[in-house]
Amino acid sequence: MLSHSFFATILLSLFRLSISKPEFVTTPPLPILPLPSYSQLKWQQREIIMFLHFGVNTFTDSERGTGKENPAIFNPTGLNAAQWVDTAVEAGVSLVILTAKHHDGFCLWPSEYTDHSVIGSPWENGHGDVIQKLVEAAKPRGVDVGLYLSPWDRHDRRYGHDKEYNEFYLAQLQELLNNYGSVREIWFDGAKGMDAPNMSYYFSDWFSMVNELQSSINIFSDAGPNIRWVGNEKGFAGKTCWSTINRSSLSIGNASIEDYLSTGDPKGTDWLPAECDVSIQTGWFWHKSESPKKLSKLLEIYYKSVGRNCLLLLNVPPNTTGLISSDDVQRLREFTTAIDTIFATNLAEKWYVKASSQRGGNGGGFGPENVLDSDHLWTYWAPRDDQDEDDYWIEFKGTDDGARFNVVRIQEAIGLGQRIKRHEIYVDGDRIASGTTVGYKKLHRLKMGVVHGSSVRIRITESRGVPLVSSVGLHFDPFWHPKGQ
């Protein structure tokens, strides 16, 4: 007969086994395809990057060169690429893109395949290299470099001869991507004059060569393959803006697809986020007669680009001396300060937050408190898979005094796909805003101006799968004065 001590030993062993059994962490939800690449995610997080339009047009006071300019006119006697980079760093910009060659065909580096370049310039006695100076200035400051190489070349005699010109273009592409270190973005502009000779660009060859020579680069064009044009040069995206699109429906230089580029496609099979390009002045190249845009206009552009799930590419052109003009530097400084002022404080940071449900229950790792942390990408609120899909919501409760705000920021965990199709915002039970897509960042600058409330609820009314909200913020914009306020 077995003793009581034997049974006690068995029970104790079972108890110890039960309490030592590991508690597995709740797994993340399945992604919704397509997904961004590592390079695309890094690009999106930059939010604002800088364009540097510089070349013979700077010295002829024109926007589109003829290709017949004498290289001797290019003489930026005070060129200081470190000043360009300092301007970028002060603005929080981590990537600058230089027009290595614009439509006029003049090259800012000493290309071996043409003499229409800095070789024929009195600047540094024909031994200068603008790209090299930019690279040398940018690297120690931690700023990345991108390059614009115009497909349309109004100078080179090979243009219009498919095989010869594509060989020439690929040769210059190899020079740029082999000789200047890491290049993070290459810009293929689809612009081409109505009077230009017929020309077939071998884009597939170009893209393949780029990816062979630079592993972490993003390729920009009307049709990607990594970044798409937003469809206009105003710096605005569509109110609805998907990072997904069908590349098979795109072609470079096709004006009929501009609306499609602006909005993207919820059924798109390719992750191809939009870049909004606009100049701080009216023109792309520096003109003595032009002044920078007003701060209010630049803020409007920010809300309609970065605040609509896009990246803003802001052109700040160097002048004939080779410096970014003091007026542009000052306006850019005001712009940066304004953005910092608006978004430095999240008024909801200390508020209590709850949600319609949460994946894995309490302690599962996907609670609504995640939207108030500093990680805006990989920590997020996720509702249960079996929740009523018509009633996803997340709610913030403040003190009785509440808060005054006029901007609501919402961000998705886009690393697992873009999902939200429609959403609404309520303050103390009243709907104050509604919208469609969210993506990396959606900024609602409230049309009615400042609201005062102690309860804010965001409802996701339509989504591709369960919505994943990575960050929410309530902010006060002191520069926003809608009519009547």
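Predicted model: local features only at pLDDT ≥ 70, side-chain atom pairs only at ≥ 80, totals over all residues.
Local features were considered at pLDDT of at least 70 and side-chain atom pairs only at pLDDT 80 or more, whereas totals for chains, interfaces and linings use all residues. Residues are numbered from 1 along each chain as its sequence is written, and side-chain values rest on heavy atoms, with hydrogens and water left out.

Side chains of opposite charge can pair when their charged atoms come close. A salt bridge is defined here as a side-chain nitrogen of Lys or Arg within 4 Å of a carboxyl oxygen of Asp or Glu. By this criterion, 21 salt bridges were found in the whole structure. Helices (H or I, at least four residues) and strands (E, at least two) are DSSP runs numbered from the N terminus. Accessibility is expressed as relative accessible area, with buried meaning under 20%, exposed over 50% and partly exposed in between (1.4 Å probe, protein chains only).

Two of the salt bridges lie within helices. In helix 6 (residues 162-179), Lys-163 and Glu-167 are four residues apart, about one turn of the helix; their closest N and O atoms are 2.7 Å apart. Glu-167 is partly exposed, at 44% relative accessible area. In helix 10 (residues 326-343), Glu-334 and Arg-331 are three residues apart and thus separated by about one helical turn. The closest N and O atoms of this salt bridge are 2.9 Å apart, and Glu-334 is partly exposed, with a value of 29%.

A further salt bridge joins Glu-424 and Arg-459, with an N to O distance of 3.1 Å. This pair links distant parts of the chain, since Glu-424 belongs to strand 15 (residues 420-427) and Arg-459 to strand 19 (residues 455-463), 35 residues apart. Glu-424 counts as buried at 14% relative accessibility. Both residues take part in a network of salt bridges that also includes Asp-391 and Arg-431.

Asp-156 is situated in the loop between strand 3 (144-149) and helix 6, and is buried, at 9% relative accessible area. Its side chain forms a polar contact of 2.8 Å with that of Arg-158. A polar contact is a pair of N or O atoms within 3.5 Å; within protein, one must be able to donate a hydrogen and the other to accept it, and residues adjacent in sequence count only if both atoms are side-chain atoms.

Ser-221, in strand 5 (residues 218-221), is buried at 0% relative accessibility. The Ser-221 side chain reaches the backbone nitrogen of Ala-223 at 3.0 Å and the backbone oxygen of Gly-224 at 2.6 Å.
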